[in-house]
Amino acid sequence: ILGSRSVTYAGLLALVEQQLVILRSLNMSVGDHLITQTPNDIDFVVILLAAADAGIALVPLNPELPERAVAAAAQATESRYLLNSGFEEDTPRMGLKFKGKPDSDYLIITTSGSTGEPKPILLKQGTKRKRVEALIKQYDITERDTTLISTPMYHSMGMRVALAALTTGGTLVLMKGWHAVEWVRLVMVHKVTFAMPVASQVKQ
């Protein structure tokens, strides 16, 4: 759920298949690196799943990063592709065989560390899956839960929480940007049962 838009799991699968067609049309293949600057919305969830399906390593970046910083991240992560404007929902669907494997490169998270230069941290699909499963077990997340994400999904934790909700078959509510009053409203309207806001958000 994002604002007035909601997508069922069947609809999400259709969108993922459409995104896979686009990735194939770009001649992307297993092991390629794809930068995405997609904001916190349903499109981000779609590319997160499509990349896993295609065996592509996703490099999620802040949508507000200036071009120079994106170029530096592209060089550091050896990325040849950039997606920053979502996709067309009328793309024809076609059955594609799942190519992702536990040892496939999945996420390349960039951190600036103490030097300010982007440093890539690589996560395999199997590693991310184990982290998601650990989160589900720790907080006993089930298909009955409604999860609210208020942190950027280009960070590892945001992605982990989103994947936990989807893996269990629960409901996922997204916030494009943080606002304390809106967070409380969404909790009440959607009867949210699980969320992981960061400390500064909790304080507000």
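This is a predicted model: local features need pLDDT of at least 70, side-chain atom pairs count only at pLDDT 80 or more; totals for chains, interfaces and linings use all residues.
Helices (H or I, at least four residues) and strands (E, at least two) are DSSP runs, numbered from the N terminus.

**T168 and helix α5**

- T168 sits in helix α5, and its relative accessibility of 18% means it counts as buried (buried is under 20% relative accessible area, exposed over 50%, partly exposed in between, with a 1.4 Å probe and protein chains only).
- Leaving aside residues up to four places away in sequence, T168 touches I136, I141, T142 and E143 (contact means heavy atoms within 4.5 Å).

- Four bridges pair β1 with strand β2 (residues 57-60) in the parallel sense (two strands pair if DSSP finds at least two bridges between them).
- H33 has A57 as its bridge partner in β2.
- T38 comes in the loop between β1 (33-36) and α2 (42-54), and it counts as buried because its relative accessibility is 4%.
- The side chains of T38 and T36 make a polar contact of 2.6 Å (a pair of N or O atoms within 3.5 Å; within protein, one must be able to donate a hydrogen and the other to accept it, and residues adjacent in sequence count only if both atoms are side-chain atoms).
- Not counting residues up to four places away in sequence, T38 touches D43, F44, P63 and L83.

**A51 in helix α2**

- A51 lies in α2 and, at 1% relative accessibility, counts as buried.
- Its contacts, again without residues up to four places away in sequence, are I56, L58, Y106 and Q125.
- A51 and V202 are 151 residues apart in sequence, and their C-alpha atoms are 32 Å apart in space.

**The β7-β6-β8 sheet**

- Three strands make an open sheet in the order β7-β6-β8, with parallel pairing.
- β7 (171-174) and β8 (194-195) are at the edges with a single partner strand each, so one side of each has no neighbour in the sheet.
- β6 (residues 146-149) is joined to β8 by two bridges, and L148 has A195 as its bridge partner in β8.

**The largest pocket**

- The largest pocket has a volume of about 550 Å³.
- What counts as a pocket: on a 1 Å grid over the protein atoms alone, it is an open set of points with protein on both sides within 12 Å along at least five of seven lines, whereas a cavity is a set of points where a 1.4 Å probe fits but cannot get out; lining residues have an atom within 4 Å of a point.
- Grid points are joined across faces, edges and corners, and a volume is the space filled by probe spheres set on the points.
- Its lining runs to 20 residues, with L49, A52, R129, L163 and T167 nearest the centre.
- α1 (9-25), α2, α4 (125-139) and α5 (156-168) each supply at least two lining residues of the largest pocket, and α4 gives the most, with five.
- By class, this lining has twelve nonpolar, four polar and four charged residues (Ala, Val, Leu, Ile, Met, Phe, Trp, Tyr, Cys and Pro are nonpolar, Asp, Glu, Lys and Arg charged, and the others, Gly among them, polar).

**The cavity**

- Searching the whole structure turns up one cavity of 30 Å³ or more, and the largest cavity has a volume of about 40 Å³.
- L148, I149, S150, T151, M157, V161 and M196 line the largest cavity, with β6 and α5 each supplying at least two of its lining residues.
- That lining has five nonpolar, two polar and no charged residues.

**Positive phi**

- D140, in the loop between α4 and β6, is a non-glycine residue with a positive phi, near 55 degrees; at 56% relative accessibility, D140 counts as exposed.
- K191, in the loop between α6 (180-190) and β8, is a non-glycine residue with phi near 55 degrees, a positive value; at 63% relative accessibility, K191 counts as exposed.

Technical notes: Residues are numbered from 1 along each chain as its sequence is written. Side-chain values use heavy atoms; hydrogens and water are left out.
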